Amino acid sequence: MEREILNLINDSSNILIITHINPDGDTLGSACALKAYIGDKADLLIQIKDNFEFPNTYSFLPYLNKSKNLSDLNDNYDLIIALDIASIDRIVGTAREIFEKTPNTIVIDHHKTNQGFAKINYIKGGISSTGEVLYDLFDKLNIEITKEMATGLYCAILTDTGCFKYESTTSHTFEIASRLSKLVETYKIADLCYTNKPKNLVLFQNYLVTNAKFANDDKIAYTLITKEIIDKYSAKDEYSEGICETLRSIMGVEIAFVLKEKTLDDNSTVTKVSIRTKEIDATKLSQKFNGGGHKRAAGCTIKSKINAALDSLLKEARALL
Ligand SMILES: [Mn+2]
């Protein structure tokens, strides 16, 4: 399959690389690395939606500032490559339309729940990050990793492994990190990723942690992000990233979740949920609500207001303990 991917890249003259909506370090780093490899014949689309701020934290990544606007996309791409995109609904609006009518599409991903929605599905479920999957792909194809590519790949792996802490981090992950460390200054990338936060983000996160609630002898921890709180801190969508991880880090907590109230375009309210666990399989909880994710980190969207969503979640979470 690796050969097939390389042939497709070589035979295409008009390529689009896309990140998932509301991008993180993995999708962005991987996209930059792939753009650095393919060069001028690839456009980059960083999908930004709703109340999501352009991820300035990652502005050090090469080519990020060359991202196209949706309106600038041409409609004759011969190949689209989706990175770190677990399902087709993480590609939205015009991008989705273009994706669906493009004959050749590739998805490169590491989500176990990814069913494969492209022509070529290069999915290695359980690998630490799309960055790691992409590195291995380059490696199998004997493609030389440049400094630019290494910057993107290292950022992807570092952020998606929670700084090499998560269970998906293997000796192979460290081997790759070691090879990349010969090309980039890893401490600088770590600094850029983690000590560059907007002030309101830190204050908002502090609020959410201070107001966390606990259930079942502190085995369950959760916090609620209501519209009022979002307004108070002018919080962007990505400001809540990491909160769930903080709650999970508390001694004795087995399941942590964060609920966020969201008004959709049709004015209905849904609750977006992120879940982090220790021993329990997080997807057992997310899948009750048609969500997906990984063993320790999962998510779902519940079509009800935040308090009703909380009740259903607590009930299912208790059943798992
Ligand atoms: Mn990822």
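This is a predicted model: local features need pLDDT of at least 70, side-chain atom pairs count only at pLDDT 80 or more; totals for chains, interfaces and linings use all residues.
Strand 1 (residues 15-18) and strand 3 (residues 79-83) run parallel to each other and are joined by four bridges.

- Asn-104 in strand 4 is the bridge partner of Leu-79.
- Together with helix 3 (residues 93-101), strands 3 and 4 form a right-handed β-α-β unit.

**Burial of strand 3**
- Five of the five residues in strand 3 are buried.
- In a regular strand, side chains alternate between the two faces of the sheet.
- Leu-79, Ile-81 and Leu-83 point one way, Ile-80 and Ala-82 point the other way, and all are buried.

**Helix 12**
- Helix 12 (residues 306-320) has 15 residues, which at 1.5 Å a residue should span 21 Å; the end C-alpha atoms are 21 Å apart, so the two values agree.
- Its buried residues include Ile-306, Ala-309, Leu-313 and Ala-317.
- Viewed down the helix axis, the buried residues of helix 12 fall within an arc of 60 degrees, so they line one face of the helix.
- An α-helix has 3.6 residues a turn, so residues three or four places apart point the same way.
- Asn-307, Asp-311, Lys-315 and Ala-319, on the other side of helix 12, are exposed.
- The cover over the buried residues of helix 12 includes strand 7 (220-225), strand 8 (255-263), strand 9 (269-277), helix 11 (282-286) and strand 11 (297-302).

Conventions
Residues are numbered from 1 along each chain as its sequence is written. A residue is buried if 20 or more other C-beta atoms lie within 10 Å of its own, exposed if 12 or fewer, and partly exposed in between; C-beta atoms are placed from the backbone. Helices (H or I, at least four residues) and strands (E, at least two) are DSSP runs, numbered from the N terminus. Two strands pair if DSSP finds at least two bridges between them. A crossover is right-handed if, with the strands pointing away from the viewer, the path from the first strand over the helix to the second runs clockwise. The expected span of a helix is 1.5 Å times one less than its number of residues. The arc is that of the directions from the helix axis to the C-beta atoms. Two residues are in contact if their C-beta atoms, placed from the backbone, lie within 7 Å.
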